[in-house]
Amino acid sequence: AYRAENPDARLIMAGNHAETAIRKLRAQKRELVEKDADKEQVRAIDERITSAMRNFNERYRLATEAAS
């Protein structure tokens with residue numbers, strides 16, 4: 001009921017989810033860097049972080065355009 005009356009709530013939940021996922025990826029990256037891991041592994045984590053950010057930004061853009 002609340003979400004139906006407040007469509008922004010879904011966007012907030014998605015933002016929180018993206019933030020948590022990105023925080024975990026950054027922690028993984030930090031561990032890899034500390035362990036002197038292969039640069040390709042670090043780059044793969046960077047790409048996943050970028051993808052997560054891009055996906056949320058696109059979702060936000062679509063939601064705010066639809067609300068206008």
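Rings of Phe, Tyr and Trp (its six-membered ring) pair if their centres lie within 6.5 Å; planes under 30 degrees apart count as stacked, over 60 as edge-to-face and the rest as tilted. This is a predicted model, in which local features need pLDDT of at least 70 and side-chain atom pairs count only at pLDDT 80 or more, while totals for chains, interfaces and linings use all residues. Residues are numbered from 1 along each chain as its sequence is written, and side-chain values use heavy atoms, with hydrogens and water left out.

**Exercise 1.** Find how many aromatic pairs the structure holds, and classify the geometry of Phe56 and Tyr60.

Solution.
- The structure holds one aromatic pair.
- The ring centres of Phe56 and Tyr60 are 6.4 Å apart and their planes stand at 35 degrees, so the pair is tilted.
- Both Phe56 and Tyr60 belong to helix H3 (residues 39-67), four residues apart, which is about one turn of the helix.
- For exposure, buried means under 20% relative accessible area, exposed over 50%, and partly exposed in between (1.4 Å probe, protein chains only).
- Phe56 has 23% relative accessibility and therefore counts as partly exposed.
- Tyr60, at 44%, is also partly exposed.

**Exercise 2.** Describe the secondary structure and the spread of the protein chain.

Solution.
- Helices (H or I, at least four residues) and strands (E, at least two) are DSSP runs, numbered from the N terminus.
- The protein chain has three helices and zero strands.
- Read from the N terminus, its elements run α-α-α.
- The radius of gyration, taken over C-alpha atoms, is compared with a globule rule of 2.2 Å times the number of residues to the power 0.38.
- For the protein chain the radius is 16 Å, well over the 11 Å that the rule gives for 68 residues, so the chain is more spread out than a compact globule.
- Along the principal axes, the C-alpha atoms fill a box of roughly 50 × 20 × 10 Å.
- Buried residues make up 18% of the 68 residues.

**Exercise 3.** Locate Asp36 and state its phi and exposure.

Solution.
- Asp36 sits in the loop between H2 and H3.
- Its phi is positive, about 55 degrees, although Asp36 is not a glycine.
- At 70% relative accessibility, Asp36 is exposed.

**Exercise 4.** Which helix has the lowest confidence, and which the highest?

Solution.
- pLDDT is the predictor's confidence in each residue, from 0 to 100.
- The protein chain has a mean pLDDT of 92, and 94% of its residues reach 70 or more.
- Confidence is lowest in helix H1 (residues 2-5), with a mean of 68, and highest in helix H2 (residues 8-34), at 95.
- Where pLDDT is low, the predicted coordinates should not be read in detail.
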